[in-house]
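Biologist: I'd like to learn how to read a few features off a model like this one. Could you walk me through it?

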Amino acid sequence: MNSGIDKEKYTFSQIGIFDTLGYLEYQNSSQLLDVVNRARRTPALKFTKALDQNIPVFILEPPTRTDAMMRLVGRVKKARLKFRSFNPFEDMRLSAPFAMEQVSKSLGVIVPILSSDEKDADIHNIRAAFVAGLAYGLEKKLLLIQNDGGPAPLDVRDFVQTYRNFTQIDEFVHDFAFEFYELKGSAVREEIENKNFLADLRLGDPMAENEDSTLSQYYLRTDEFHRAMRGEVNLIVGRKGTGKTALFLQLVSRFSQNNKNIVVDLHPEAFQLLKLKDDVLSYLAEGAQSHLITAP
């Protein structure tokens, strides 16, 4: 890294990949030449992870939730692809070990690339190139997409897919899902040798959404959970990280176990709330529609 350029220092600190791997600095061409001459061959980083059969897709989310991103996530859900994600709103920096772990235990990886005029595009696109390179090198099913507003980074330009409208995003996800399920059907379960208690210890993912299938195994049923189950509360608020999403997922799981219940698990993505409103209003009389719309 050129230590004389402040922008590079800021970018490196925001990306989070290279400071966890390590890097060398230089100030001029002579120092750069010396760094290259002293470079030595180092062994590749070793990481062996069993495939996550329950949540086999990893998505690298951009720093802004645009209409295109909501459409992408909505289509992934509609294709019934269980996914984990890196969310910049939850974790400001992407560490190299986390990226390698997530990609290595995935069957499929989805990476959107931002146009140069979008917020924090340079930071996200470097992360995207790193994650896409990992997926390509580990022979994962990769969906790398961008809109036609800007060129992709040079190192991933040969296998990026470009869209101009939402219909093309739908087609990309459809093709990805079709090939993904074929790959999943032929995937071999890899078992990791148990080393010791500490080596196998997991403290969970920072995002409850990423542990939807395993959260019930260690979820602590608090008083808030039991009150919500009894119907004593209708609204749950709290600071970030206090367990709102985990509580929501567990309530959905518990109520869904009763065949008498119809549970609508809604997230404000891909215009789901607008569609629900249209569907509900279509079954109501004019007076009931007015009451529903004006009710707090």
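Modeller: Let's start with one side chain and its neighbours. Leaving out residues up to four places away in sequence, Gln 146 touches Ile 113, Pro 151, Ala 152, Val 160, Gln 161, Thr 162 and Tyr 163. Keep in mind that this is a predicted model.

Biologist: Where does Gln 146 lie, and is Gln 146 buried or exposed?

Modeller: Gln 146 is part of strand S4, which covers residues 141-147. Its relative accessibility is 6%, so Gln 146 counts as buried, the cut-off being under 20%.

Biologist: What about nonpolar side chains? How do I read a core?

Modeller: The general idea is that in soluble globular proteins, nonpolar side chains tend to be buried together. Here, the largest nonpolar core has 26 residues, and Leu 94, Val 109, Val 111, Val 131 and Leu 144 have the most contacts inside it. At least two residues of this core come from each of S1 (57-60), H5 (96-104), S3 (108-113), H6 and S4.

Biologist: Which element gives the largest share of this core?

Modeller: That's H6, with seven residues. For a close-up, take Val 111: beyond four places in sequence, Val 111 touches Leu 60, Ala 128, Val 131, Leu 142, Leu 143, Leu 144 and Ile 145. Another core, of 20 residues, lies apart from the largest one; Ile 59, Tyr 163, Ile 169 and Val 173 are among its members.

Biologist: Next, helix packing. At what angle do H4 and H7 pack?

Modeller: In general, two packed helices are described by the angle between their axes and the distance between the axes. For H4 and H7 (residues 166-186), the angle is about 35 degrees and the axes are 10 Å apart. The crossing of these two helices is right-handed.

Biologist: Which residues make the contact?

Modeller: From H4, Asp 67, Ala 68, Arg 71, Leu 72, Arg 75 and Val 76; from H7, Phe 166, Ile 169, Asp 170 and Val 173. Sorted by class, the contact of H4 with H7 has six nonpolar and four charged residues, and no polar ones.

Biologist: And aromatic rings? How many aromatic pairs does the structure hold?

Modeller: A pair of aromatic rings is described by the distance of the centres and the angle of the planes. The structure holds five such pairs. In one of them, Phe 58 and Phe 98 sit edge-to-face, 6.4 Å centre to centre with 70 degrees between the planes. Phe 58 is in strand S1 and Phe 98 in helix H5, so this pair ties together parts 40 residues apart in sequence. Both Phe 58 and Phe 98 are buried. Tyr 136 and Phe 159, on the other hand, are stacked, at 4.9 Å centre to centre and 10 degrees between the planes. Tyr 136 belongs to helix H6 and Phe 159 to the loop between S4 and S5 (161-163), so that pair ties together parts 23 residues apart in sequence.

Biologist: Is Tyr 136 buried or exposed?

Modeller: Exposed, because its relative accessibility is 58% and the cut-off is over 50%. Phe 159 is partly exposed, at 28%. Ring pairs also link Phe 58, Phe 86 and Phe 98 into a cluster.

Biologist: Last one: backbone angles. What should I look for in phi?

Modeller: Most residues other than glycine have a negative phi. Arg 80 is not a glycine, yet has a positive phi of about 60 degrees. Arg 80 sits in the loop between H4 (67-78) and S2 (83-86), and is exposed at 71% relative accessible area. Glu 139 also has a positive phi of about 60 degrees without being a glycine. The loop between H6 (121-137) and S4 holds Glu 139, which counts as exposed at 72% relative accessibility.

How values were computed. Residues numbered from 1 in each chain as written. Predicted model: local features only at pLDDT ≥ 70, side-chain atom pairs only at ≥ 80, totals over all residues. Heavy atoms only, no water. Helix = DSSP H or I, 4+ residues; strand = E, 2+ residues; numbered from the N terminus. Buried < 20%, exposed > 50% of the residue type's maximum accessible area, 1.4 Å probe, protein only. Contact = heavy atoms within 4.5 Å. Core = buried A, V, L, I, M, F, W, Y, C linked by side-chain atoms within 4.5 Å. Axes fitted to C-alpha atoms, helices over the stretch in contact; angles between N-to-C directions. Left-handed = near helix turned anticlockwise from the far one by under 90°. Nonpolar A, V, L, I, M, F, W, Y, C, P; charged D, E, K, R; others polar. Phe/Tyr/Trp six-rings, centres within 6.5 Å; stacked < 30°, edge-to-face > 60°.
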